[in-house]
Amino acid sequence: MAMLVIGLVQTRDEAEAAAERIIDCGYTRQDVSLLMTDATRHRCFRVPDGTPPAHTFGAAIAMSAVVPDLGFVVAGPLAAVVATAVGAGITGGLREILISAGVPKHWAERYEKGVKQGGILVSVFAHGERDVGVLHMVLDDPSMYPVRPAITGRQAYDTYL
């Protein structure tokens with residue numbers, strides 16, 4: 001069973017950076033999910049009508065599913081988990097949905113509170129047990145794995161024989 005790994009960020013730029021770190025770990029953009037309130041979507045991902053989105057999550061946010069009863073928007077593979085939970089009659093909110101996906105209760109409560117306060121959940125289903133630890137580090141400590149542009153040419157630490 002794939003394990004859901006989640007990070008909580010506050011802005012679109014942080015969400016995009018988190019997605020890039022996940023992609024650097026061997027995942028694709030289609031593997032990354034976002035979950036936020038509709039108000040956060042309008043605050044962070046607002047796109048003028050008729051203009052193609054210029055950010056990483058443009059198409060995903062444009063096609064995101066709104067869960068009206070629960071008051072949030074979900075884009076990516078996490079939408080299937082939310083749909084399954086809603087279909088199964090889980091009515092306890094985001095916390096209960098995350099618990100049903102295998103997230104420990106204390107973390108599910110933290111994530112629910114963060115989303116209600118305007119945060120954005122960035123998540124991915126880990127391909128294997130080894131990836132779980134790496135993805136937790138990547139999502140929990142962005143300063144540990146900053147996104148850097150590719151550098152070409154000789155570097156100070158290069159050695160030549």
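## Close-up views

**View 1. E96 is partly exposed, with a relative accessible area of 26%.** The model shown here is predicted. R95 is partly exposed as well, at 23% relative accessibility. Look for the place where R95 and E96 form a salt bridge: their closest N and O atoms lie 2.9 Å apart. E109 joins in too, linked with R95 and E96 in a network of salt bridges. Across the whole structure there are five salt bridges.

**View 2. R12 and E16 pair up through their side chains in a salt bridge.** The N to O distance is 3.5 Å. Both residues sit in helix 1, and because they are four residues apart, about one helical turn separates them. R12 is partly exposed at 27% relative accessible area, whereas E16 is buried at 16%.

**View 3. In helix 2 (residues 38-44), about one helical turn lies between D38 and R41.** These two are three residues apart, and their side chains meet in a salt bridge of 2.8 Å, N to O.

**View 4. Now meet the largest nonpolar core, made of 20 residues.** V5, I22, L34, I120, V122 and L135 have the most contacts inside this core. Two or more residues each come from strand 1 (3-9), helix 1 (12-24), strand 2 (32-37), strand 5 (120-126) and helix 7 (129-140). Another core, of 18 residues, lies apart from the largest one, and its members include V74, L78, V115 and L121. In soluble globular proteins, nonpolar side chains tend to be buried together.

Methods
Residues numbered from 1 in each chain as written. Predicted model: local features only at pLDDT ≥ 70, side-chain atom pairs only at ≥ 80, totals over all residues. Heavy atoms only, no water. Core = buried A, V, L, I, M, F, W, Y, C linked by side-chain atoms within 4.5 Å. Buried < 20%, exposed > 50% of the residue type's maximum accessible area, 1.4 Å probe, protein only. Salt bridge = Lys/Arg side-chain N within 4 Å of Asp/Glu carboxyl O.
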